[in-house]
Amino acid sequence: MKYVDEFRNPEAVARLVEAIRQRAAALPPRQHPWQLMEICGGHTHTIFRFGLDQLLPDNIEFIHGPGCPVCVLPQSVIDQAVALAQRPDTLLCSYGDAMRVPGHHGSLLQARADGARVQVIYSPRDALDMARRHPDTQVVFLAIGFETTAPATALAIRAAAREGLTNFCVLCHLVLIEPPLRALLADPDLRIDGFVGPGHVSLVTGNAPFEFIPAEHHKPVVISGFEPVDLLQSVLLLLEQLQQGQARIEIQYRRVATTQGNPGARAPVDDVFEPAPLAEWRGLGKLPRSGLQLRPGYQAFDATHLLPDSPAPGTLPTADSTTEADPRCRCAAVLSGKLKPGQCPLFGRECTPDTPLGALMVSSEGACAAWYQYRHQGPAHGAH
């Protein structure tokens, strides 16, 4: 399998593990492990799938960050999506993972079982095509994700505007990567020594969202690919910086990511969206200017206008975003790297991939779902 096998080559992995061991042994001794946060849920999935965390020396530890778009989806947004799906003559569309995320009153899949019109799609263009084919149906696209998915949503909205479609709109929960990282670094309870940067976000943004990390916090960042060799190379680069007392951004994922990113992908986003004054994150609360909202020229495509109690632009429902429907659920602590999935009291008991109580057990990129699939051997197993 060309261009995959070389990034899973056992000999290359063994060489990197030995190099990491030697670098780790040269780090200053300390009472707790050096903690490297992988920001992206795709990295979390690879780490568990290939057991990369178990290949690291004892003084090096991965902790999981807030980069899975489904995991940070607040219950209030699911509640809005369910309310829209329950409107007559309305079809709610979104990606498959979003369908199972529990809101305060159930998920979109449960709403569909109760008679609401809900459709899984693979891209915003699919929703746009449905609006074209069914002019008597109001099609609402639940747009989620980071800078990676925003360009496709922006292009769909611009196409709808050009064509004069009046039955297509977007419930927007697109978010930005920099504000949650700033929030984590301001948390005195966290000890993050370096970051494995998200390769797909960087493909669009370049280095810009991460430049404050070495500049203001003197911590290294390595933008990484998603295969085992990618991640181990990234760990080695981080350890080299830590050993040398340096802090800068390096790009390991050079076959895809560049320092400048992709201006052509950012242009439609800048045209259609602007930073919202406030956005809500599951587990992190409400963070200023951390999400996107439609610019005034495109607000006819804002689905919140269809809700009975439409919030003003840039405002959000008042639901408590730091807690789950079940107060025992520890998604917030896992999302911020304070807890391992197996340490949640619900993990593997009430909360499983078949019966998810929190968003981290829903998405394949969620830390709890990955831990359960590749590491779970019994209730609460695997806590460090």
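Guide: A disulfide is a pair of cysteine sulfur atoms within 2.5 Å. This is a predicted model, where local features need pLDDT of at least 70 and side-chain atom pairs count only at pLDDT 80 or more, while totals for chains, interfaces and linings use all residues. Residues are numbered from 1 along each chain as its sequence is written, and side-chain values use heavy atoms, leaving out hydrogens and water.

Visitor: How many disulfides does the structure hold?

Guide: Take C331: its closest cysteine sulfur, in C329, is 3.8 Å away, too far for a bond. For C172 the closest is in C169, at 12 Å, also too far. The number of disulfides is 0.

Visitor: Is C331 buried or exposed?

Guide: Buried means under 20% relative accessible area, exposed over 50%, and partly exposed in between (1.4 Å probe, protein chains only). C172, at 23%, is partly exposed. C331 has a relative accessible area of 4%, so C331 is buried.

Visitor: Which residues have the most contacts inside the largest nonpolar core?

Guide: A nonpolar core is a set of buried Ala, Val, Leu, Ile, Met, Phe, Trp, Tyr and Cys residues joined through side-chain atoms within 4.5 Å. The largest has 103 residues. Those with the most contacts inside it are F168 and F210.

Visitor: What is the strand order of the open sheet of 5 strands?

Guide: Strands are DSSP runs of E, at least two residues, numbered from the N terminus. Two strands pair if DSSP finds at least two bridges between them; β7 (194–198) and β8 (221–224) have 4, in the parallel sense. The sheet's pairing is parallel, and its order is β2-β1-β7-β8-β9.
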